[in-house]
Amino acid sequence: MNPIKHQIGTSKKNIVWVKDIDLEILKMLHEYRSLALYQIEYYLEQAYGIKRNTIRKKLLRWKKKKIVCSKIYTKLPTMVYYRLDDEGIKLLKEYTIIPQNETIYSENSTNRKNTDHYFGVRDIVLKTKLLLGNLGDGLYSGSPEQFSPFVFPDWIMKFKDRTLCLELDIGTESIGIIRDKISKYHQYATRRPDENVYVLFAVIDDVDPNLKFKDFYAKDRSKRIINLKDAIIDSNVLDCSNLHVYVVSLSRVAVVAKKILTGTYPYDNLERHKLSVVSMKLLEMNDKDSYQKEELNADDFYLAEVNESLYADGHFSIRKNMEQKTVAIKVMEEGNVRDLDRLRYLALLRQEKRFKKSVDLILGVYADTDELKNDILGKPLEKTNLISTEMWMDFGEIPSMFQMVNSSRLEEVAIHES
């Protein structure tokens, strides 16, 4: 729209010109209640190409007009957040962007007990919106005041038929609290068997230089991530098939959130089997090594006591010259706690020789290499390697795999060494 003149108070000389982008900024402040200056600058620069100095000058002009107000929330270094002031709320009501009778915003307190957590949650949402781009038209996000009487996520994002519950972990909550939290999600999901419940935990880190925190957080949070995954596995909630739980670092959360919201994650059983077949087909097509594959019947591998939901996604015999190996494939999603639990179970069956047929190798298969390298799986599993289909698309290279050295380090090895 063309700029519109908006009068502040009763004086006709006290006016401000309002553009589309101005309304977008005010809507953002309404949606998120408060945003740190670095967040406003980063988002508007990335989304609209607006220079940071231009943004700062606009906010200072608005502050004088009582459209926004600001507060310093840490002095070393100086960090400021902005929220709507009275004239900003009036302006949004005038343009019917918010209801005339809304009081939630004005009643929202500006007292932030833990600013790293408060603004970190908003970092997740803003980065996810940026990553979604035009795909995110119709995305809703908001503080979950009305989500459930016994489940209270840090934030929710809704896109089409999916609701994603976000949880930011800054390392201050005990494992007992984490278990209690995930048990409540389990309770919520079991009461709604026809509704998929998506929960994404993000562990705060200091990887992204664009994010500003009061406290110091390590770049490598693999220990905390695996502690959370273990706590969720030990809570025995993963038998609930409509509950999907992911744990990743803050630096990777937007990537995984996008995949959940747009329907890439979680894969269904058919997609998982197809990906297992594709991985073996790519190996067979490699022109540096001559491999032959044969798909085997899953029922021939498991005792009657093993639930079908625990089966691998594919079972193959791989031959090269006179050598033959049997491989059980588990398709993996980055951060998916159920996938890690199933991978460990398959490794245990192999180690304890509880397969009806001998299995030489458990193979975790990811769609792309970034997923593989950023997923945190914990202690190395015996005779368990990882690959991505992306790795094996380079037919000019000898195919390789990754072995887990520890919870945060992988070692690439040639396939014939596995």
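Which charged end sits over the ring of Tyr-118, and how far is it from the ring's centre? It belongs to Arg-122, and the distance to the centre of the Tyr-118 ring is 3.6 Å. Keep in mind as you read on that this is a predicted model.

Ring pairs link Tyr-118 with Tyr-73, Tyr-81 and Phe-119 into a cluster. The structure as a whole holds 11 aromatic pairs. One of the pairs brings together Tyr-81 and Phe-119: the ring centres are 5.8 Å apart and the planes meet at 45 degrees, so this pair is tilted. The two residues come from distant parts of the chain, with Tyr-81 in strand S5 (residues 78-84) and Phe-119 in helix H6, 38 residues apart.

Both partners are buried: Tyr-81 has a relative accessible area of 2%, and Phe-119 has one of 1%. Phe-119 also pairs with Tyr-118, this time edge-to-face, with 5.0 Å from centre to centre and 85 degrees between the planes.

## The open sheet

Now turn to the sheet. Five strands form it in the order S6-S7-S8-S9-S10; the sheet is open and its pairing is mixed. At the edges you will find strand S6 (140-142) and strand S10 (243-249), each of which pairs on one side only. From one strand to the next, the twist averages 20 degrees.

Strand S6 runs antiparallel to strand S7 (residues 155-159), and three bridges join the two. Here Gly-142 stands opposite Ile-156 in S7. As a general point for viewing, side chains in a regular strand alternate between the two faces of the sheet.

Helix H7 (residues 175-190) lies across S8, S9 and S10, and runs at about 165 degrees to S9.

## A buried aspartate

Follow the chain to the loop between S9 and helix H8 (222-234), and you will come to Asp-208. Is this residue buried or exposed? Asp-208 is buried, because its relative accessible area is 14%, and the cut-off is under 20%. The side chain of Asp-208 makes a polar contact of 2.7 Å with the side chain of Lys-127.

Strand S15 (residues 384-388) and strand S16 (residues 400-406) run antiparallel and are joined by two bridges. Between them, Asn-385 stands opposite Gln-403 in S16.

On to the next pairing: six bridges join S16 to strand S17 (residues 409-414), and these strands also run antiparallel. Met-404 has Leu-410 in S17 as its bridge partner. With two residues between them, S16 and S17 form a hairpin.

## One more charge over a ring

To finish, here is a second example of the arrangement we began with. The charged end of Lys-357 sits over the ring of Phe-301, at 5.9 Å from the ring's centre.

Technical notes: Residues are numbered from 1 along each chain as its sequence is written. This is a predicted model: local features need pLDDT of at least 70, side-chain atom pairs count only at pLDDT 80 or more; totals for chains, interfaces and linings use all residues. Side-chain values use heavy atoms; hydrogens and water are left out. Two strands pair if DSSP finds at least two bridges between them. Helices (H or I, at least four residues) and strands (E, at least two) are DSSP runs, numbered from the N terminus. Axes are lines fitted to C-alpha atoms, for helices over the stretch in contact, and angles run from 0 to 180 degrees between N-to-C directions. Contact means heavy atoms within 4.5 Å. Buried means under 20% relative accessible area, exposed over 50%, partly exposed in between (1.4 Å probe, protein chains only). A polar contact is a pair of N or O atoms within 3.5 Å; within protein, one must be able to donate a hydrogen and the other to accept it, and residues adjacent in sequence count only if both atoms are side-chain atoms. Rings of Phe, Tyr and Trp (its six-membered ring) pair if their centres lie within 6.5 Å; planes under 30 degrees apart count as stacked, over 60 as edge-to-face and the rest as tilted. A charge sits over a ring if NZ of Lys or CZ of Arg is within 6 Å of the ring centre and within 35 degrees of the ring normal.
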